[in-house]
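Hello,

Here is the structure we talked about, with the sequence alongside. Have a look at it first, and my notes follow below.

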Amino acid sequence: MGFLDIANVTKSYGAVEVLHRVDISVAEGEFLVLVGPSGCGKSTLLNMIAGLEGITSGEIAIKGRAMNGVHPSRRNIAMVFQSYALYPNMTVAQNITFGLEMHGVPKPEREAAMTRVAAMLQIDKLLDRKPGQLSGGQRQRVAMGRALVRNPDVFLFDEPLSNLDAKLRVDMRTEIKKLHQSLKTTIVYVTHDQIEAMTLSTRIAVMNKGYVQQLGTPKDIYDTPANVFVATFMGSPAMNILPARVVMQDGAPHAAVIDAAGQTRHLRFSQPGMAGWAGREILLGIRPEAITDPEGADRKSGNIQHLSNTVVVTEPAGADTFVTMTLSGRDVVGRMRADVTVTPGQSFGFTINMDKAVAFDPDTEARIAP
Amino acid sequence: MARETALDLRTRLQEWIPKLVLAPSVAVMLVFVYGFILFTAFLSFTDSKILPSYGLVGWHNYWRLFQLPTWSLAIENLAIFAALYIVICSVIGLTLAILLDQKIRGEGMLRPIYLYPMALSFIVTGTAWKWLLDPGIGLEHTLHLWGWTSFHFAWIKESDFAIYTVVIAAVWQTSGFVMAMFLAGLRGIDNEILKAAQMDGASNWNLYRRIIIPQLRPAFLSAFVILSHLAVKSYDLVVALTGGGPGRATELPATFMYSYTFTRNEMGVGAASAVIMLMTIAAIMVPYLYAELKEPK
Amino acid sequence: MSAVSQGTAVSNGRFTRVLIHVTLLVFALFYLLPLFVMLVNSVKPLGEITGGNMMALPKVWTIQPWLEAWSTAQIGVQPTGLRPYFINSIEMVVPAVAISTLMGALNGYVLTKWRFRGDTVLFGLMLFSCFIPFQIVLIPMARLLGLMGLAGTVPGLIFVHVVYGLGFTTLYFRNYYAAFPTELVRAAQIDGAGFFRIFTRILLPLSGPIIVVTVIWQFTNIWNDFLFGSSFSGQASQPMTVALNNLVQSSTGVKAYNVHFAGAILAALPTLFVYIVSGRFFVRGLMAGSVKG
């Protein structure tokens, strides 16, 4: 049994089931990120953990104690909201201590706890201000302070960074990660931003349409996505997905794809097991960083395939240059070194690291290999 | 899956408190609004005279109501009054709103002047206009003193015209409010659309006719609903301005209901007239409220 | 709904602008005329009105009509002036406004932040009750007030005004709280605050503007009411509007126009004062009452 157990939980509104049999067990000190597009059910699940929404069936337990029907304030949880939800009529200090006051903590203790948290978050200079006088980043800190001061069993974060501008978002991300490392608290964090999910989490649950599509470490999710949805949702630019046919050549399975000139080209699989799919169609998934110029190829890879093809578009992005070509009728993006010379319309020799390629069943969209 | 029993006491209490808090208001509303409506509707089918009485007489009161010349007059007056009141208020309100919207320097001064009558009681309005329109001391008298001796304006004393004086006073009281509604609508229109239309070469006239006024539809609808329900409910103003007279010339359904119920001791007929008033308003308000409440989600 | 000064992008020629200004001024005179007439003639001796020009300034200034209207004019059978009725109105308005506003605030809070199945229907029923012609409830209400022993009393009028004001107060607070972030309520729940503490500590401190709007609306409506006042009050509990009407309509003796005008201004003074002091909120109330349910 974990620290926070979500067992067989479903949620329905009337006849419509919006969450289907979610099973997640979170260990103490873990940083679980629920990630998915809007409407996938991630916020609903978080609100159910918080007790803000009822559970239709199944059970949510914290430290082995069932939480179904327990009032939010008695679950020993704290939550940081997307809008921060700071009480506009109270000062920063009052905002932070309101929860303690409601729980009947005596004033000297409240003050002490607040001072400690304010120092930790470097908001001790702001304590007498009202939320309206704070910047976005400062509000974010106050919201975290309000959560921290309670010393809860589980922290819940509901898209806490989505209202910040890009630069501040990156800074606060690092801040949250530091905080987790130093406090070793259990965190459940909801976001639609896959980079936040990758950087912050110890484990990720990718959700879509009310189902948990995959639950695993960031590396699992990235390298071996359970299906096409996870593969394309996680990673930026998204993983290239293109139809291919499995053919046997020199006794090894190859993916047959069609280049811009209409020629069939063969890319050898790193997994001999793909031989079982010989003669059938699959979906081939290749991440942009696995498609490079020859000098940029991964030297540790045991299976580099070469493919010359016409360049459609180049997009210099500073650190890298993204190059688009057409394969099997799809736009396929590769990531080159910044100083590579490529010109649209010309042929270019791409190298493809087939060790990193993923194959999906075209009917179920589930991963076949690796 | 015994989740219902797992609710702790506090949570269960918290679930009930909101409903308990709302309950008195709901009870009050059900009894004193809807219960009373049903009671009055019931009385309209009884032989009630001075006091409620429970002998059922079927549709007799309604039949009698529509036989009464006074009721026909009240309905006729209401039709004239409502039509003129709604149209004139809308025209004046829209005109003033459009004119005020032309970056007028004195707008801050003018708006409160147009609107202040709305803060007054209809009784005060009635009193002021009663003497202002009185031929003996009011406008007619003043213009005579100013030398226009042939000027004649005694509508308030003339049976055929008295209802129009009610229109004048009512328009005076509410047209500023209609102006405010239209002005809010005008201010809600995206100025970029207007700039685009001007680039397209639209004249001011066309700008208003083709672009702006069509976008004021919600304001027109609100104005219509508010004005029409005020018209049906008009009571105080008539009482103060003309007392229903001269004779019965300015009788409206609201004054009719009051006099038949409380002074002429025909409670059954009075109740029937109240039911008809309610039905008229419901026909306007129910679709409007339904649409307003349904839209979000 | 802020009707702030920021005109349209439409532009006009010079002649048109002059015409617009003239039109606007003419209308301003139209709206001011009755007020002017009331004021001017309330400080004239009666002879100057009956024998002179209603639009002219007084030749002799006098506050006698005001004093008479306030304390000695014949109202019904008693020469009491309007003073006791002014006091009746105050005694009626203050509790009625306070109670209906408080209940409206709680209703709005429940209907937006503690939603339950069927709440929209309940609200729709409450909303419709604002617009019914009150003639439909006069007969049973008269009976009920009689049964409760409240007929012809100020508490009876308070009760009636609370009952039929609830729809509007609920509407105001519901619309205001609907725009109020629900996350704040959730945060407070997690912090351990219950129903009433969330209301008193979080929502109420932030409800200043809507409380002002509601109080003004209720005050104006109840002060200006005539139908309930004339139906349910006795001689001793008549509100100001009913007394004023009695003063003006009395058929005995010489018509003291100057006293009537002074009385009318006295009856208008409280609401006019509120309007002048906080016209912005008054307009907001009017608009909120008319658009968007």
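Which residue with a positive phi follows H2(A)? That residue is A:Gly104, and its phi is near 75°.

Before the rest, a word on what you are looking at. This is a predicted model, in which local features need pLDDT of at least 70 and side-chain atom pairs count only at pLDDT 80 or more, while totals for chains, interfaces and linings use all residues. Residues are numbered from 1 along each chain as its sequence is written, and chains are lettered from A and ligands numbered from 1 in the order in which they are written. Helices (H or I, at least four residues) and strands (E, at least two) are DSSP runs, numbered from the N terminus.

**Confidence**

The model scores ipTM 0.85 and pTM 0.83. For chain C the average pLDDT (the predictor's confidence in each residue, from 0 to 100) is 85, and 94% of the residues score at least 70. Please be careful with residues 1-5 of chain C, where pLDDT stays under 50.

**Chain A**

Chain A has eight helices and 21 strands. Its C-alpha trace spans about 80 × 45 × 35 Å along the principal axes. Of its 370 residues, 41% count as buried. Here a residue is buried if 20 or more other C-beta atoms lie within 10 Å of its own, exposed if 12 or fewer, and partly exposed in between, with C-beta atoms placed from the backbone.

Helix H2 (residues 92-102) of chain A, the one in my opening question, is mostly covered: eight of its eleven residues are buried. Among them are A:Val92, A:Ile96, A:Phe98 and A:Leu100. The cover over the buried residues of H2(A) includes helix H3 (107-121) and helix H4 (136-148) of chain A.

Now to the strands. Strands of a sheet pair through backbone hydrogen bonds, either parallel or antiparallel. Two strands are taken to pair if DSSP finds at least two bridges between them. One open sheet in chain A has four strands in the order E2-E1-E4-E5, with antiparallel pairing. Its edge strands are E2 (16-26) and E5 (65-66), each of which pairs on one side only. Two bridges link strand E4 (residues 57-62) of chain A with E5(A), and A:Ala61 has A:Ala66 in E5(A) as its bridge partner. Helix H1 (residues 42-50) of chain A lies across E1 (4-13), E2 and E4, and runs at about 65° to E2(A) (axes are lines fitted to C-alpha atoms, for helices over the stretch in contact, and angles run from 0 to 180 degrees between N-to-C directions).

Further along chain A, strand E11 (residues 240-249) runs antiparallel to strand E14 (residues 281-286), and six bridges join them. A:Leu242 stands opposite A:Leu284 in E14(A). E11(A) also pairs with strand E12 (residues 252-258) of chain A, in the antiparallel sense over five bridges; A:Arg245 has A:Ala256 as its partner there. E11(A) and E12(A) form a hairpin with two residues between them, and A:Asp250 in the turn has a positive phi of about 50°.

Two loops in chain A are worth a look. The peptide bond from A:Ser236 to A:Pro237 is cis, with omega near -5°, and A:Pro237 is found in the loop between helix H8 (228-233) and E11 of chain A. A:Lys184 is not a glycine, yet has a positive phi of about 55°. A:Lys184 counts as exposed, with 11 C-beta neighbours inside 10 Å.

Chain B comes to 13 helices and zero strands, and buried residues make up 44% of its 297 residues. B:Lys103, in the loop between helix H3 (69-100) and helix H4 (107-115) of chain B, has a positive phi near 50°.

The contact takes 90 residues from chain B and 80 residues from chain C (two residues are in contact if their C-beta atoms, placed from the backbone, lie within 7 Å). On the chain C side, helix H1 (residues 14-41) gives the largest share, ten residues.

Best wishes
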